Amino acid sequence: MTYKVEEIDAKRIVHLSGEIDMDVADKARQTILPLIEAGHEVHLNLSKVDYMDSSGISVLIESKKLSEQKNTKFELVEVSKQVEKVLAMARKFL
Amino acid sequence: MSELAHTNHTEKKDFLVRSSSLKDVRSFCREVFEKLNIDQNLKDELVLAIAEAAQNIVKHAYKNAPDTEDKMVVQISCKDNKLQIGFYDMGTPVDPGKVKHREIDNIKPGGLGTFFIQQIMDAVEFKDGKKPWINHLVLTKQL
(Lines give C-alpha, C1' and ligand atoms only; values in the text may rest on other atoms or scores of the structure.)
Protein backbone atom coordinates (compact mmCIF):
# COMPACT_ATOMS: atom_id res chain seq x y z
CA MET A 1 0.00 0.00 0.00
CA THR A 2 1.19 3.49 -0.78
CA TYR A 3 -0.34 6.82 0.12
CA LYS A 4 -0.27 10.49 -0.73
CA VAL A 5 -1.74 13.35 1.30
CA GLU A 6 -2.95 16.50 -0.44
CA GLU A 7 -3.43 19.64 1.61
CA ILE A 8 -6.11 22.12 0.64
CA ASP A 9 -6.47 24.71 3.39
CA ALA A 10 -7.62 22.77 6.48
CA LYS A 11 -8.79 19.86 4.34
CA ARG A 12 -6.62 16.78 3.82
CA ILE A 13 -7.23 14.46 0.89
CA VAL A 14 -5.67 11.07 1.53
CA HIS A 15 -5.07 8.91 -1.55
CA LEU A 16 -4.40 5.25 -0.78
CA SER A 17 -3.42 2.74 -3.43
CA GLY A 18 -2.62 -0.95 -3.68
CA GLU A 19 -3.92 -3.61 -1.32
CA ILE A 20 -5.12 -2.95 2.22
CA ASP A 21 -5.01 -5.96 4.50
CA MET A 22 -4.04 -6.79 8.09
CA ASP A 23 -0.37 -6.38 7.23
CA VAL A 24 -0.69 -2.73 6.20
CA ALA A 25 -3.82 -1.63 8.08
CA ASP A 26 -1.68 0.00 10.76
CA LYS A 27 0.13 2.07 8.17
CA ALA A 28 -3.26 3.28 6.84
CA ARG A 29 -4.43 3.95 10.40
CA GLN A 30 -1.27 5.93 11.23
CA THR A 31 -1.71 7.96 8.06
CA ILE A 32 -5.35 8.91 8.61
CA LEU A 33 -6.02 9.08 12.37
CA PRO A 34 -3.43 11.76 13.26
CA LEU A 35 -4.94 14.05 10.61
CA ILE A 36 -8.39 13.67 12.18
CA GLU A 37 -6.88 13.97 15.65
CA ALA A 38 -5.39 17.32 14.56
CA GLY A 39 -8.90 18.47 13.61
CA HIS A 40 -8.56 18.27 9.83
CA GLU A 41 -11.45 17.43 7.56
CA VAL A 42 -10.29 14.21 5.88
CA HIS A 43 -11.41 13.05 2.45
CA LEU A 44 -10.31 9.54 1.58
CA ASN A 45 -9.76 8.53 -2.02
CA LEU A 46 -9.75 4.76 -2.52
CA SER A 47 -10.08 4.74 -6.31
CA LYS A 48 -6.70 3.03 -6.67
CA VAL A 49 -7.20 0.41 -3.97
CA ASP A 50 -7.65 -2.94 -5.66
CA TYR A 51 -8.15 -5.07 -2.55
CA MET A 52 -9.50 -4.33 0.89
CA ASP A 53 -10.46 -6.75 3.65
CA SER A 54 -12.06 -6.41 7.08
CA SER A 55 -8.88 -4.82 8.47
CA GLY A 56 -9.27 -1.95 6.01
CA ILE A 57 -12.95 -1.57 6.90
CA SER A 58 -11.90 -1.38 10.57
CA VAL A 59 -9.68 1.59 9.75
CA LEU A 60 -12.62 3.34 8.04
CA ILE A 61 -14.87 2.71 11.05
CA GLU A 62 -12.24 3.96 13.51
CA SER A 63 -11.68 7.05 11.37
CA LYS A 64 -15.40 7.82 11.22
CA LYS A 65 -15.80 7.37 14.97
CA LEU A 66 -12.80 9.59 15.73
CA SER A 67 -14.09 12.30 13.37
CA GLU A 68 -17.40 12.29 15.24
CA GLN A 69 -15.57 12.64 18.56
CA LYS A 70 -13.45 15.47 17.16
CA ASN A 71 -16.46 17.08 15.55
CA THR A 72 -14.84 17.12 12.14
CA LYS A 73 -15.57 15.44 8.83
CA PHE A 74 -14.36 12.12 7.43
CA GLU A 75 -15.63 11.19 3.98
CA LEU A 76 -14.96 8.70 1.24
CA VAL A 77 -14.68 10.66 -1.99
CA GLU A 78 -13.94 7.93 -4.51
CA VAL A 79 -13.81 4.17 -4.25
CA SER A 80 -12.77 1.46 -6.66
CA LYS A 81 -15.23 -1.22 -7.80
CA GLN A 82 -13.46 -3.81 -5.64
CA VAL A 83 -13.70 -1.65 -2.52
CA GLU A 84 -17.34 -0.80 -3.24
CA LYS A 85 -18.18 -4.53 -3.25
CA VAL A 86 -16.56 -5.04 0.15
CA LEU A 87 -18.25 -1.92 1.53
CA ALA A 88 -21.62 -3.19 0.28
CA MET A 89 -21.07 -6.46 2.10
CA ALA A 90 -19.90 -4.65 5.24
CA ARG A 91 -23.00 -2.39 5.21
CA LYS A 92 -25.17 -5.48 5.75
CA PHE A 93 -23.20 -6.07 8.91
CA LEU A 94 -22.79 -2.57 10.31
CA MET B 1 -20.40 -19.06 -13.26
CA SER B 2 -18.12 -19.76 -16.17
CA GLU B 3 -17.64 -23.31 -17.30
CA LEU B 4 -14.79 -24.88 -15.40
CA ALA B 5 -11.64 -25.67 -17.27
CA HIS B 6 -10.88 -28.38 -14.69
CA THR B 7 -13.69 -30.15 -12.94
CA ASN B 8 -11.39 -32.07 -10.62
CA HIS B 9 -8.42 -30.20 -9.34
CA THR B 10 -6.51 -29.96 -6.05
CA GLU B 11 -3.63 -27.71 -5.05
CA LYS B 12 -2.13 -26.88 -1.70
CA LYS B 13 0.58 -24.60 -0.44
CA ASP B 14 2.04 -23.74 2.93
CA PHE B 15 2.68 -20.27 4.28
CA LEU B 16 4.43 -18.90 7.34
CA VAL B 17 1.81 -17.84 9.89
CA ARG B 18 2.45 -14.09 9.54
CA SER B 19 0.36 -11.17 8.38
CA SER B 20 2.99 -10.62 5.69
CA SER B 21 2.00 -14.00 4.18
CA LEU B 22 -1.56 -12.90 3.45
CA LYS B 23 -0.56 -11.33 0.15
CA ASP B 24 0.99 -14.66 -0.90
CA VAL B 25 -2.16 -16.53 0.17
CA ARG B 26 -4.19 -14.25 -2.09
CA SER B 27 -1.78 -14.71 -5.01
CA PHE B 28 -1.93 -18.50 -4.64
CA CYS B 29 -5.75 -18.45 -4.62
CA ARG B 30 -5.93 -16.17 -7.64
CA GLU B 31 -3.62 -18.49 -9.58
CA VAL B 32 -5.69 -21.57 -8.74
CA PHE B 33 -9.00 -19.86 -9.51
CA GLU B 34 -7.55 -18.66 -12.79
CA LYS B 35 -6.86 -22.31 -13.72
CA LEU B 36 -10.40 -23.21 -12.68
CA ASN B 37 -11.72 -20.46 -14.94
CA ILE B 38 -13.83 -18.95 -12.16
CA ASP B 39 -15.32 -15.61 -13.13
CA GLN B 40 -13.85 -12.41 -11.76
CA ASN B 41 -16.70 -11.49 -9.40
CA LEU B 42 -16.77 -14.85 -7.69
CA LYS B 43 -12.98 -15.01 -7.69
CA ASP B 44 -12.78 -11.69 -5.80
CA GLU B 45 -15.28 -12.94 -3.21
CA LEU B 46 -13.54 -16.29 -2.74
CA VAL B 47 -10.14 -14.65 -2.39
CA LEU B 48 -11.59 -12.35 0.29
CA ALA B 49 -13.15 -15.26 2.22
CA ILE B 50 -9.93 -17.29 2.09
CA ALA B 51 -7.77 -14.34 3.09
CA GLU B 52 -10.10 -13.60 6.02
CA ALA B 53 -9.86 -17.21 7.20
CA ALA B 54 -6.06 -17.12 6.92
CA GLN B 55 -6.07 -13.80 8.78
CA ASN B 56 -8.09 -15.41 11.58
CA ILE B 57 -5.36 -18.03 11.97
CA VAL B 58 -2.70 -15.31 12.30
CA LYS B 59 -4.86 -13.14 14.56
CA HIS B 60 -6.48 -15.73 16.80
CA ALA B 61 -4.81 -19.17 16.64
CA TYR B 62 -1.38 -17.53 16.86
CA LYS B 63 -2.40 -14.50 18.92
CA ASN B 64 0.41 -15.04 21.44
CA ALA B 65 3.05 -16.16 18.95
CA PRO B 66 3.63 -13.33 16.49
CA ASP B 67 7.13 -14.56 15.57
CA THR B 68 6.25 -18.20 15.06
CA GLU B 69 8.02 -20.21 12.40
CA ASP B 70 4.97 -22.48 12.08
CA LYS B 71 3.32 -22.82 8.75
CA MET B 72 -0.33 -23.02 7.80
CA VAL B 73 -1.54 -24.96 4.79
CA VAL B 74 -4.23 -23.83 2.38
CA GLN B 75 -5.68 -26.52 0.16
CA ILE B 76 -8.08 -25.76 -2.67
CA SER B 77 -10.01 -28.65 -4.22
CA CYS B 78 -12.64 -28.61 -6.88
CA LYS B 79 -14.68 -31.74 -7.50
CA ASP B 80 -17.93 -32.00 -9.40
CA ASN B 81 -18.36 -28.22 -9.32
CA LYS B 82 -17.98 -28.10 -5.56
CA LEU B 83 -15.15 -26.01 -4.24
CA GLN B 84 -13.62 -27.00 -0.93
CA ILE B 85 -10.96 -24.95 0.80
CA GLY B 86 -9.10 -26.49 3.71
CA PHE B 87 -6.96 -24.63 6.25
CA TYR B 88 -4.59 -26.47 8.56
CA ASP B 89 -2.65 -24.93 11.42
CA MET B 90 -0.88 -25.90 14.64
CA GLY B 91 -1.96 -22.91 16.72
CA THR B 92 -4.21 -22.64 19.77
CA PRO B 93 -7.21 -24.95 19.39
CA VAL B 94 -10.24 -23.10 18.08
CA ASP B 95 -13.49 -23.47 19.97
CA PRO B 96 -16.02 -23.52 17.11
CA GLY B 97 -18.74 -22.33 19.49
CA LYS B 98 -16.87 -19.08 20.01
CA VAL B 99 -16.31 -18.37 16.34
CA LYS B 100 -19.11 -16.07 15.39
CA HIS B 101 -19.59 -12.59 14.13
CA ARG B 102 -20.70 -10.04 16.69
CA GLU B 103 -24.23 -8.82 17.22
CA ILE B 104 -25.44 -6.44 14.57
CA ASP B 105 -26.15 -3.58 17.00
CA ASN B 106 -22.62 -3.57 18.41
CA ILE B 107 -20.81 -0.95 16.34
CA LYS B 108 -17.31 -2.34 16.45
CA PRO B 109 -15.37 -3.70 13.51
CA GLY B 110 -14.33 -7.01 15.10
CA GLY B 111 -15.94 -10.11 13.68
CA LEU B 112 -16.46 -8.59 10.26
CA GLY B 113 -14.05 -11.08 8.66
CA THR B 114 -16.09 -14.01 9.95
CA PHE B 115 -19.24 -12.33 8.65
CA PHE B 116 -17.65 -12.00 5.19
CA ILE B 117 -16.70 -15.69 5.19
CA GLN B 118 -20.24 -16.69 6.12
CA GLN B 119 -21.75 -14.39 3.50
CA ILE B 120 -19.56 -15.71 0.70
CA MET B 121 -19.30 -19.42 1.43
CA ASP B 122 -22.08 -22.03 1.60
CA ALA B 123 -20.63 -23.83 4.61
CA VAL B 124 -17.98 -23.25 7.27
CA GLU B 125 -16.96 -26.31 9.22
CA PHE B 126 -14.34 -26.98 11.87
CA LYS B 127 -13.06 -30.54 11.75
CA ASP B 128 -10.76 -32.38 14.12
CA GLY B 129 -7.19 -31.61 13.16
CA LYS B 130 -5.28 -34.82 12.50
CA LYS B 131 -1.67 -34.82 13.71
CA PRO B 132 0.40 -32.71 13.37
CA TRP B 133 -2.46 -30.28 12.80
CA ILE B 134 -4.46 -28.77 15.63
CA ASN B 135 -7.09 -26.91 13.65
CA HIS B 136 -8.72 -27.89 10.37
CA LEU B 137 -11.22 -25.48 8.89
CA VAL B 138 -13.17 -26.34 5.74
CA LEU B 139 -15.02 -23.79 3.63
CA THR B 140 -17.25 -25.02 0.81
CA LYS B 141 -18.99 -23.39 -2.11
CA GLN B 142 -21.10 -24.92 -4.83
CA LEU B 143 -20.01 -23.47 -8.17
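1. Contact here says that the C-beta atoms of two residues, placed from the backbone, lie within 7 Å. Helices (H or I, at least four residues) and strands (E, at least two) are DSSP runs, numbered from the N terminus. The classes are Ala, Val, Leu, Ile, Met, Phe, Trp, Tyr, Cys and Pro as nonpolar, Asp, Glu, Lys and Arg as charged, and the others, Gly among them, as polar.

2. A word on the ground rules. This is a predicted model, in which local features need pLDDT of at least 70 and side-chain atom pairs count only at pLDDT 80 or more, while totals for chains, interfaces and linings use all residues. Residues are numbered from 1 along each chain as its sequence is written, and chains are lettered from A and ligands numbered from 1 in the order in which they are written.

3. Helix 2 (residues 40-61) and helix 3 (residues 112-120) of chain B pack at about 140°, their axes 9 Å apart. Helix 2 of chain B is therefore oblique to helix 3 of chain B; angles under 35 degrees count as roughly parallel, over 145 as roughly antiparallel, 65 to 115 as roughly perpendicular and the rest as oblique. Axes are lines fitted to C-alpha atoms, for helices over the stretch in contact, and angles run from 0 to 180 degrees between N-to-C directions. The crossing of helix 2 and helix 3 of chain B is left-handed, the near helix being turned anticlockwise from the far one by less than a right angle.

4. Seven of its nine residues are buried, so helix 3 of chain B is largely enclosed by the rest of the structure. A residue is buried if 20 or more other C-beta atoms lie within 10 Å of its own, exposed if 12 or fewer, and partly exposed in between, with C-beta atoms placed from the backbone. The buried residues are B:Leu112, B:Gly113, B:Thr114, B:Phe115, B:Phe116, B:Ile117 and B:Ile120. They pack against helix 2, strand 4 and strand 5 of chain B, and also against helix 2 and helix 3 (81-93) of chain A.

5. That brings in the other chain. Between the two, 20 residues of chain B are in contact with 16 residues of chain A. Helix 1, helix 2 and helix 3 of chain B each supply at least two residues of the side that touches chain A, and helix 2 of chain B gives the most, with seven. By class, that side of chain B has ten nonpolar, six polar and four charged residues.

6. For the overall plan, chain B has three helices and five strands, running β-α-α-β-β-α-β-β from the N terminus. Of its 143 residues, 35% are buried.

7. The five strands of chain B form an open sheet in the order 1-2-3-5-4, with antiparallel pairing; two strands pair if DSSP finds at least two bridges between them. Strand 1 (9-16) and strand 4 (123-128) of chain B stand at the edges with a single partner strand each, so one side of each is left without a neighbour in the sheet. Neighbouring strands of this sheet are turned by 20° against each other on average, direction ignored. Helix 1 (residues 22-35) of chain B packs on the sheet, touching strand 1 and strand 2, and its direction makes about 170° with that of strand 1.

8. Strand 2 (residues 71-79) and strand 3 (residues 82-89) of chain B are antiparallel and joined by seven bridges, and B:Gln75 has B:Gly86 as its bridge partner. Strand 4 and strand 5 of chain B pair over six bridges, also antiparallel, and a hairpin joins them through six residues. The loop between strand 4 and strand 5 (135-142) of chain B holds B:Pro132, and a cis peptide bond with omega of about 5° joins B:Lys131 to B:Pro132.
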